[in-house]
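Open the model in your viewer and keep the selection tool at hand. The stops below say what to select next and what is to be found there.

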Amino acid sequence: MSPVLILLLLLPPLITAVSSPLQASSTTWNYTLQGKDWPGLCQTGLRQSPINVPLAHDDGERAQLKEAGGMDVRMWHPYQKGNVVSLVHNTIQADVSGLGQMVFVNQHGTVGQYEPMQLHFHAPSEHMYGGKQYELEMHIVYKSLDIEGKLGVVSVMFDSREEYSGVNNGKSNTFIESLKVREFVKSMVNGAPSIQQLSIENELPLMRLLQRLDTSQIYHYDGSLTTPVCSEVVSWVLIPDIQAMQKDQIQYFNAMWKDSPQFANGYGNNRLTQPINGRHIYAKSIPINPLPTNS
Ligand SMILES: *[C@@H]1O[C@H](CO)[C@@H](O)[C@H](O)[C@H]1NC(C)=O
């Protein structure tokens with residue numbers, strides 16, 4: 001039997017709505033200080049994430065940008081029913097393991113193959129482009145098939161503001177809608193969702209979202225997980241094609257985090273950007289007219 005079939009057989013039966021006690025997660029870390037108090041490598045590491053990609057014309061670290069026109073990223077996530085969405089470590093996480101692949105051609109032309117694990121969200125965004133922060137960042141986490149213990153994470157931004165989504169409250173983003181974030185929010189009691197897990201009956205339309213992404217510009221650098229223990233094992237692939245969504249779609253994420261008085265003193269679930277420390281950030285092409293900073 002093929003490994004894929006064995007995997008499918010091992011998948012747990014579908015769970016529709018598992019309620020669990022109010023204590024959301026039993027993890028010991030939190031976002032009260034936006035990550036400043038996290039221990040270990042989170043404090044001492046020199047290759048940490050997220051970062052501000054130094055695009056702004058007045059950013060002294062712009063010299064760290066290196067052009068690498070041969071870089072490329074391809075993601076393949078075939079039709080897969082019954083993805084489970086869970087509240088894990090202060091984020092919404094969807095399991096996308098089992099089928100699919102990500103291929104990344106790096107600045108040296110080396111082809112890396114990866115298999116999907118999960119995707120999750122940060123609001124507001126963790127990475128920034130030229131000092132600009134976005135309303136929502138998705139991380140699709142992949143495991144390297146070439147180097148044991150190494151991960152590849154693809155970052156995609158979403159934003160409901162007029163600049164990215166147009167006027168009249170933008171267009172509903174069907175991918176975001178499929179994650180049922182509003183159902184977690186509707187279940188909130190005393191500032192925390194009482195539902196911990198939902199299963200998506202239909203397909204998670206991830207492939208449709210990814211097929212539409214403009215990957216003519218991508219950025220790549222070596223960094224870390226953005227949550228404890230901040231392991232420096234991540235090959236980051238940032239896709240700066242900001243996706244449109246509606247205002248109420250971001251408001252559902254914010255209801256659980258940034259706008260929840262119980263969450264983190266008005267902060268979202270984003271770690272602050274980390275020093276670049278001399279790392280190179282590879283750009284498929286270096287923008288000639290960088291965006292001015294908005295700070
Ligand atoms: C957040 O984590 C820190 C460090 O573990 C802890 O001291 C603090 O009490 C936590 N705060 C909340 C609100 O849980």
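This is a predicted model: local features need pLDDT of at least 70, side-chain atom pairs count only at pLDDT 80 or more; totals for chains, interfaces and linings use all residues.

Begin by selecting helix H7, residues 247–256, where Gln249, Ile250, Tyr252, Phe253, Ala255 and Met256 are buried, a residue being called buried if 20 or more other C-beta atoms, placed from the backbone, lie within 10 Å of its own. Helices (H or I, at least four residues) and strands (E, at least two) are DSSP runs, numbered from the N terminus.

Residues are numbered from 1 along each chain as its sequence is written.

Next, select glutamate 203, in the loop between strand E14 (195–199) and helix H6 (206–212). Is glutamate 203 buried, exposed or partly exposed? It is partly exposed, because 16 other C-beta atoms lie within 10 Å, between the limits for buried and for exposed (12 or fewer). Leaving aside residues up to four places away in sequence, glutamate 203 touches Tyr79, Gln80 and Lys81.

Now show the ligand, which is surrounded by Thr28, Trp29, Asn30, Thr32 and Asp37, with near meaning a C-beta atom within 6 Å.

Finally, colour by pLDDT, the predictor's confidence in each residue from 0 to 100: the protein chain averages 88, whereas over residues 1–26 the pLDDT is below 50.

Note on methods:
Two residues are in contact if their C-beta atoms, placed from the backbone, lie within 7 Å.
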